[in-house]
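Here are some exercises to work through with the model open beside you. Try each task before you read its solution.

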2 protein chains.
Amino acid sequence: MAQVQRMSRLMVKTLRDDPADAETLNHKLLVRAGYVRRTAAGIWTWLPLGKKVYENVARVVREEMDAIGGQEVLLPALLPKEPYEASGRYEEYGDLLFRLKDRKGSDYLLGPTHEEIFTQVVKDQCASYKDLPVILYQIQTKYRDEARPRAGVLRGREFQMKDSYSFDTTDEGLAESYALHRAAYQRIFERLGLDYRIVSAISGAMGGSASEEFLAPAAAGEDTFVDCPACDYAANTEAVTFALKPVEGAEHPAAQELDTPDTPTIETLAEHLGVPASATLKNLLVKVDGEIVAVGVPGDREVDLGKLAEHLAPAEVELVTAEDFADRPDLVRGYVGPQGLKVRYLADPRVAPGTAWITGANKPDTHAKDVVCGRDFEVDQYLDVVVVEEGDPCPACGAGLKIGRAIEIGHIFQLGRKYADTFQLDVLGQNGKPVRVTMGSYGIGVSRAVAALVEQSADDKGLCWPKEVAPADVHVVAAGKAVQTELALDVAEKLNAAGVRVLVDDRAGVSPGVKFTDAELIGIPQILVAGRRSAEGVLELKDRRTGEREELTVAEAIARLSA
Amino acid sequence: MAQVQRMSRLMVKTLRDDPADAETLNHKLLVRAGYVRRTAAGIWTWLPLGKKVYENVARVVREEMDAIGGQEVLLPALLPKEPYEASGRYEEYGDLLFRLKDRKGSDYLLGPTHEEIFTQVVKDQCASYKDLPVILYQIQTKYRDEARPRAGVLRGREFQMKDSYSFDTTDEGLAESYALHRAAYQRIFERLGLDYRIVSAISGAMGGSASEEFLAPAAAGEDTFVDCPACDYAANTEAVTFALKPVEGAEHPAAQELDTPDTPTIETLAEHLGVPASATLKNLLVKVDGEIVAVGVPGDREVDLGKLAEHLAPAEVELVTAEDFADRPDLVRGYVGPQGLKVRYLADPRVAPGTAWITGANKPDTHAKDVVCGRDFEVDQYLDVVVVEEGDPCPACGAGLKIGRAIEIGHIFQLGRKYADTFQLDVLGQNGKPVRVTMGSYGIGVSRAVAALVEQSADDKGLCWPKEVAPADVHVVAAGKAVQTELALDVAEKLNAAGVRVLVDDRAGVSPGVKFTDAELIGIPQILVAGRRSAEGVLELKDRRTGEREELTVAEAIARLSA
C-alpha cells in the first residue's frame with residue numbers, strides 16, 4: 001500500500017517570489033511550488049512532487065497506448081551517426097543536434113526522435129506481412145539543442161517524450177494505425193484535463209503526407225493557430241486554405257495605363273492613387289530552382305515565404321537579386337504586372353478569375369488599372385501563400401477566423417515510405433513478393449504536457465491540478481495545535497487506507513497561514529483542514545479550484561474523498 | 001485491466017543460433033529470445049519482452065526504496081561540466097566520461113553518477129536540520145564510455161541504474177540511512193530471486209569510509225571475490241585482511257650470509273638454495289610521494305599494487321627506476337633485505353614478529369638466512385597488500401577461502417562529507433549554527449540486474465525467469481489445430497480475467513515443436529499447453545524450471561495459476 005506523504009519529510013521548498021528569469025507560468029509556479037529545479041539552460045530536475053505529476057501523465061499515456069495494441073520498448077538515447085546520415089537528418093538537424101565522439105573517435109548523437117532506429121529494429125524483427133501491423137512506443141528522454149531554451153519545462157533541451165511508430169504493409173493499414181493514434185490521443189488529452197484542438201499541419205522536415213497537430217491553447221505557446229468561432233474548424237496557420245471563387249458577370253473597362261512616378265512599393269502606389277492597398281496586386285519575384293517565377297497576392301497581404309517553400313519543395317526557393325533584374329530587362333523592378341509577363345505566374349486564390357486589379361505595367365513609373373484575371377492575364381498555378389490574418393474566412397463555414405497561441409502537445413504523421421525506402425524495409429507479402437512497409441510516427445511531449453497543464457489550469461494562487469495528474473488527491477493541513485495535528489494524521493492514515501492519495505502538512509513551527517498559502521500554491525485538488533473544530537472531530541474541506549468550503553466529520557470526509 | 005499478450009501480434013523474433021559476437025549467457029539468450037537488440041557497442045534496445053522484465057525489476061526497486069522513505073526524483077543525464085570540475089571528477093573519470101559541447105561551445109557531460117548534482121539539489125532545497133534526513137533516488141539512464149563494452153547488457157555504455165543518496169547531519173544518522181539501504185537491498189535482491197553475497201569493499205575513487213558491495217556469483221562476472229565455505233564471510237578480494245600473529249618462543253640461529261651469485265629473483269634464489277619460495281622474503285621498492293619505501297611479502301606471494309596504492313592514497317605510488325638505484329648505492333638491486341635498510345619498511349602481516357626469512361644481504365650476489373623479524377629488522381607499518389589466493393585463511397574463522405567470479409549488482413557507500421565539503425552543503429543546526437551534511441550514495445544496476453538474473457537462472461533450454469520479474473506468469477501454447485487454439489485463447493482470457501499475466505502462442509502456421517522450443521527459450525515460469533486432449537478441455541501444465549508436467553482441466557488450471 002502507498003504511504004501517506006508527510007510535508008515534514010518531503011523535500012519541497014516553496015518560494016514566495018518568482019524566479020528572476022521566469023517568463024511563463026509553468027516556469028514560475030513549478031519552481032515556486034518545488035516541483036522542478038533548473039540544472040542548466042533547458043535542462044531540468046524533477047523534484048519529488050514534480051516526478052509524481054510526470055509519472056501520472058506518463059501512466060495515462062502508457063495505458064492508452066497499450067489499449068490500441070502499442071508495444072512498449074526502450075531505445076537508447078545515445079545513437080550512432082550512421083542511420084541519421086543515411087536519412088540525411090544528421091545534416092538537416094544542423095545545430096539542433098547534440099553531437100559527440102566516443103573514446104575511439106566514432107561519431108554519436110543524442111536522439112532528437114527515433115524514426116531511423118525504429119525502422120532498423122523492425123527490419124531486424126519483422127520478416128513477413130504476418131508480423132505486421134505493429135505499433136511500437138517508448139517514453140524516453142530526448143535531446144534538442146534549442147537556440148533559446150525557455151519557458152520552463154515547455155521547451156527543454158533534454159525532455160521526455162512518448163514517441164510511437166506504426167508499421168503497415170498498405171496505405172489503408174497506415175490510415176487505420178493513424179486513426180487509432182488519433183483516437184488514443186483524444187482520450188489521453190481528455191483524461192489529462194487538457195483543452196486542445198486538432199489542427200491539420202504541414203508536415204515539414206519529417207517528410208510525410210497526412211499530419212495533424214494537437215494544440216493546447218495557451219498564451220505561453222510558441223505556435224499560432226486559427227480557430228473558427230462558428231464551427232469546429234481549427235488549423236495551424238500555415239495550413240489554412242482560401243477557396244478559389246471565380247467572380248462571374250462583373251464588367252470591367254479595358255485595362256488602362258497610369259502615370260505613377262516614384263511608386264515602386266504598394267504603400268507609395270496606394271497613397272499616390274488614393275486607393276486601399278487591397279485594390280492593388282503585389283507581384284513578388286522569386287527563383288524556383290533557378291527559374292524566375294512571379295507570385296501574385298493582394299497588395300494588403302504578406303507572402304509567407306516558408307509556406308511558399310513548403311508548397312514548392314523539394315525545389316529551392318530564393319528571392320531574386322539586383323543581378324537577376326539586370327539580366328532580365330523585361331522585368332521592371334517595382335512595376336511588374338502579370339499581363340504580358342514572360343515568367344510563370346503563381347497566385348493566391350484571392351486573385352481569382354474575374355477580379356480586377358491595379359498593378360505594374362512592366363514599364364518604369366507606370367502602373368495599369370482594370371487588369372482582369374482571366375482576361376488580361378492567366379494564373380499558371382494557385383497556391384495558399386499569404387500570411388493568415390485574424391478575420392480571414394473559415395475554409396469550412398466562412399465565418400471570421402480567430403488567431404490564437406498554443407502549445408503543441410501532440411503530433412501525428414503519416415510518414416509513408418520515406419524511412420522504409422532509406423533502409424529498404426520490406427517484408428514478404430502474401431503473394432511471396434517483398435512489400436515495402438509504410439510508416440506513421442506519433443509524438444506526445446510528456447514533460448511539455450505537464451507545462452501545458454500548468455499554463456491552462458493555474459490561477460493567481462498557484463498550481464491547480466486536474467485529479468488524474470495531481471501528486472495527491474487530497475492535501476490535509478494540520479493548522480498547528482497538537483489536537484489538530486493528531487486529527488490530521490489520523491484522517492490522513494484513514495484516507496490512505498481507503499485508497500486515497502494523501503499529502504499531509506504536519507510541519508511543526510510553520511504558521512497556519514503559510515500552510516494554507518503553500519497548499520494553494522502546490523495545487524492538490526482538495527484541501528482538508530484540521531483547524532478550529534478539530535477537538536470535535538470536524539474538518540473543513542476546500543475545493544482548490546472553486547474555493548468552496550464545507551465542514552465534514554472524519555467519516556464524512558473519508559466517504560466523500562474515497563468516492 | 002491488462003490484456004492477454006498474443007504471440008501472433010507481439011514483436012518477438014526468436015533465433016536458433018547465438019549471435020556471432022556473444023560470449024556471455026545473457027547476451028546470447030536475451031538476443032535469441034527477442035528481449036534486446038544491439039544498437040551500437042554497449043548500447044542496447046529493450047524490445048517488448050525485455051522492457052517488461054526491465055520494468056518488473058524497476059518496480060521492485062521502487063517499492064523497496066519507497067518503503068524506506070526514499071523520495072523519487074529524476075535528474076538530467078546531460079549535465080554541465082562545472083559541478084564535476086569542482087569535485088575533480090571531470091578529470092578523474094578520464095576516457096570513461098562522454099563529453100560534448102552545446103551549440104554555444106559550453107562543455108557538458110553525460111552523467112556517469114550524480115553525487116555532485118544531488119548535493120546541489122539538497123543545498124538548494126534543504127536549509128535546516130529539520131529538513132533532514134532525506135533519501136532521494138532516481139531510476140535513470142547513465143553513461144560510461146567503457147573501453148571494452150561487452151557481455152550484453154551486463155556492461156553497457158548506456159545503462160539504467162537506480163542511484164540514491166542520503167543526507168544526514170550526524171554520523172549516526174548516516175549509519176542509519178546506510179543500514180536502511182542495506183536492508184532494502186537485501187529485500188530487493190531476494191524478491192528478484194538473485195543469489196548474492198554482501199562483501200566489504202574498498203571504496204576507491206568514490207572516496208568514502210564504510211562501503212559494501214552486493215555480488216551475484218556468476219561465471220560471467222567481472223569481479224572476483226572470496227567466499228568462506230565454513231562461515232558467512234565473503235569479501236571483495238581487495239578487502240581481505242590477514243591477521244597479524246607474532247610467533248613466540250621459536251629460537252633461530254644468528255643471521256648468516258650466503259654466497260648466492262646470479263640470484264636476483266626469488267625463482268633463481270629458491271632454486272639455487274633448494275628451498276621453497278615461501279621461505280624467502282621478497283622486498284619490493286616503491287616511491288611514495290617520491291620517498292623510497294620497501295614492501296616485504298613472502299617470496300611466493302604477489303604484491304597487488306592497486307591495493308597498495310589504495311592503502312597509501314592520497315599519496316602517489318610509483319615503482320623505482322634504474323635511476324633511483326643509481327642514486328642510492330645502499331640499495332642493491334635484487335639483493336635488498338630489511339636488516340639495516342635505510343628506508344621505511346612496510347610489510348604484509350605474514351611477515352610477523354618472530355618469523356625467520358631468507359632475504360637479500362644488501363650486497364651483490366649475497367643473501368642472508370635466519371633473518372628474524374623483530375630481532376634483525378623492524379616493520380614500520382603492516383598493510384594487506386598481497387594478492388589473495390584460493391585457500392588463504394578466512395579472516396573470520398580461518399577456513400580456506402574460495403575465490404569466485406561475480407557480478408556487482410549493488411554498491412552502498414558511506415561517502416561522508418567529501419561532496420558536502422566541495423559544495424559547502426550546510427544546514428542550520430539545532431543550536432542555530434551551520435552543520436556540515438554527511439552523505440551516503442547507493443547504487444543498483446537495473447539493466448545489469450536483468451543480466452545477472454539470466455546468468456544465474458538460465459539453463460540449456462533458454463531463459464528461466466523468477467516469477468516476480470518474468471514478462472508473464474504463464475505462457476499458453478496452442479499446439480496448432482483449431483480446437484487447440486480455441487481452448488488456448490479461452491483459457492488465456494479466463495486467466496487474464498483472474499489477474500494472471502498471460503502470453504499466448506496463437507501463431508498460425510508454426511509447428512508445435514517450434515512453439516515448445518520458443519516457450520522454453522522465452523522462459524516464462526509456467527507453460528500451459530492446449531494439445532492432444534484439448535477437445536476434452538484438458539491442458540498440460542509444465543513447470544519451466546523443473547520440467548514437471550501435469551494434466552489439468554481449465555478450471556483447475558485457473559485455480560492453480562491464480563492462486
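## Getting oriented

Of the 563 residues in chain A, 56% count as buried, where buried means under 20% relative accessible area, exposed over 50%, and partly exposed in between (1.4 Å probe, protein chains only). This is a predicted model, in which local features need pLDDT of at least 70 and side-chain atom pairs count only at pLDDT 80 or more, while totals for chains, interfaces and linings use all residues. Residues are numbered from 1 along each chain as its sequence is written, chains are lettered from A and ligands numbered from 1 in the order in which they are written, and side-chain values use heavy atoms, with hydrogens and water left out.

## Exercise 1: The build of chain A

**Task.** Find how many helices and strands chain A has, and what share of its contacts between residues at least 6 apart in sequence join residues at least 24 apart.

**Solution.** 
- Step 1: start with the secondary structure. Chain A holds 14 helices and 30 strands; helices (H or I, at least four residues) and strands (E, at least two) are DSSP runs, numbered from the N terminus.
- Step 2: Along the principal axes, the C-alpha atoms of chain A fill a box of roughly 95 × 65 × 45 Å.
- Step 3: turn to contacts, meaning heavy atoms within 4.5 Å. Among those in chain A between residues at least 6 apart in sequence, 69% join residues at least 24 apart.

## Exercise 2: Where the two chains meet

**Solution.** 
- Step 1: count the residues. Chain A gives 57 residues to the contact and chain B gives 57 residues.
- Step 2: look at the area. About 5000 Å² is buried between chain A and chain B, and carbon and sulfur atoms give 56% of this; buried area is the accessible area (1.4 Å probe) that two parts lose on being put together, summed over both. In chain A, the residues losing the most area to chain B are Met11(A), Arg103(A) and Gln125(A), together 15% of what that side buries.
- Step 3: count the charged pairs. There are 8 salt bridges between chain A and chain B, each a side-chain nitrogen of Lys or Arg within 4 Å of a carboxyl oxygen of Asp or Glu. The side chains of Lys51(A) and Glu72(B) form a salt bridge, at 2.9 Å from N to O.
- Step 4: find the leading element. Helix H5 (residues 115–125) of chain A gives the most to the side of chain A that touches chain B, with 6 residues.

## Exercise 3: Salt bridges and cysteines

**Task.** Which parts of chain A does the pair Asp473(A) and Arg501(A) tie together, and how many disulfides does a search of the whole structure find?

**Solution.** 
- Step 1: take the total. Over all chains, the search finds 106 salt bridges.
- Step 2: examine the pair. Asp473(A) and Arg501(A) meet through their side chains in a salt bridge of 2.8 Å, N to O. Asp473(A) lies in the loop between helix H11 (446–457) and strand E26 (474–478) and Arg501(A) in the loop between helix H12 (482–497) and strand E27 (502–505) of chain A, so the pair ties together parts 28 residues apart in sequence.
- Step 3: compare burial. Asp473(A) is buried at 12% relative accessible area, whereas Arg501(A) is partly exposed at 27%.
- Step 4: move to chain B. Glu64(B) forms a salt bridge with Arg187(B), with the closest N and O atoms 2.9 Å apart. This pair links helix H2 (residues 48–67) and helix H6 (residues 171–192) of chain B, the two residues being 123 residues apart.
- Step 5: finish with the cysteines. The search finds 0 disulfides over all chains, a disulfide being a pair of cysteine sulfur atoms within 2.5 Å. Cys373(A) is buried, at 4% relative accessible area.
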